[in-house]
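Dear colleague,

I am handing over the structure below, and after it I set out what was found when it was examined. Please read the notes with the model open beside you.

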There are 2 protein chains.
Amino acid sequence: MEVENLSLNHIALVVEDLHEALVFWGEQLGLPAAGVVQTIHDEGVDIAFLQIGAARLELIQPRDQESGVARFLAKRGPGLHHLCLEVPDLDAKLGELAAQGIELINESPRERQGRRYAFVHPASSGGVLLELYERH
Amino acid sequence: MEVENLSLNHIALVVEDLHEALVFWGEQLGLPAAGVVQTIHDEGVDIAFLQIGAARLELIQPRDQESGVARFLAKRGPGLHHLCLEVPDLDAKLGELAAQGIELINESPRERQGRRYAFVHPASSGGVLLELYERH
């Protein structure tokens, strides 16, 4: 396969307390904020982004006990949650991956706030939940 | 605290099979190789790096059952293992963090192959094993 222009969009952490996490990663460690805290109601989470070089660190705190993130936190504790890479053409990439037998959570792209994305199943990516964004 | 020039050096994954991981992340997903597979004998691991934008993805496979990485794999399964950020002055950063009550695994920098590094304890960084490199 020829080398493609894959880049890192963000690294996501699940946290127990978003305020405490912002104190550590932002104030104490020194990563600058990248936008404001947001509530994603349909996913039951509060999120914040910090800038980390050319990419971002996403902090995710579940707002209830029922979301996928809440179940992850209950099962594994706080820590690294997923990686998100950007690809130039998401439909093409998903097609290539599926043709190679890679298990996808989303076989076709979903869309949020104008951003097209899909998740690869951790069973195919060595236990890592992998999100793919289509580059703007 | 003023904004500092923190950047991402690498994201590390613990894997069960380095060859399989290189097939997925390299051949199938398309991340280019960044160097050759190396054995780190005193840590009991084989590692490989792939390029991921301006940063790198480190794949770590334990060679025995006794290393810290092997215990991590046995306890948590394969997946995200640690993050590594670069700072301009590692001694200064470790001093600042310690003064703020952050628990460090290495209170003073260690060195490997000319690279100065230290680990922050996951108890202080929300469950994330965080490595700090001093920028060359």
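In this predicted model, a polar atom of the side chain of Asn106(A) lies 2.8 Å from the backbone nitrogen of Phe119(A). Asn106(A) itself sits in the loop between helix 3 and strand 6 (110–112) of chain A. If neighbours within four places in sequence are left aside, the residues in contact with Asn106(A) are Leu94(A), Ala118(A) and Phe119(A). Is Asn106(A) buried or exposed? Its relative accessibility is 12%, and because residues under 20% are classed as buried, Asn106(A) counts as buried. For orientation, the C-alpha of Asn106(A) is 9.7 Å in space from the C-alpha of Glu131(A), although 25 residues separate the two in sequence.

The second topic is the way in which chain A and chain B meet. The contact takes 39 residues from chain A and 39 residues from chain B, and the area buried between the two chains is about 3,300 Å², with carbon and sulfur atoms giving 72% of that area.

On the side of chain A that touches chain B, at least two residues each are supplied by strand 1 (7–14), helix 1 (18–28), strand 5 (79–87), helix 3 (90–99) and strand 8 (129–134) of chain A. Strand 5 of chain A gives the largest share of that side, namely 6 residues. When the residues of the side of chain A that touches chain B are sorted by type, 23 are nonpolar, 12 are polar and 4 are charged.

The last topic is how the copies are related.

With best regards

Key:
Residues are numbered from 1 along each chain as its sequence is written. Chains are lettered from A and ligands numbered from 1 in the order in which they are written. This is a predicted model: local features need pLDDT of at least 70, side-chain atom pairs count only at pLDDT 80 or more; totals for chains, interfaces and linings use all residues. Side-chain values use heavy atoms; hydrogens and water are left out. Contact means heavy atoms within 4.5 Å. Buried area is the accessible area (1.4 Å probe) that two parts lose on being put together, summed over both. Helices (H or I, at least four residues) and strands (E, at least two) are DSSP runs, numbered from the N terminus. Ala, Val, Leu, Ile, Met, Phe, Trp, Tyr, Cys and Pro count as nonpolar, Asp, Glu, Lys and Arg as charged, and the others, Gly among them, as polar. Buried means under 20% relative accessible area, exposed over 50%, partly exposed in between (1.4 Å probe, protein chains only). A polar contact is a pair of N or O atoms within 3.5 Å; within protein, one must be able to donate a hydrogen and the other to accept it, and residues adjacent in sequence count only if both atoms are side-chain atoms.
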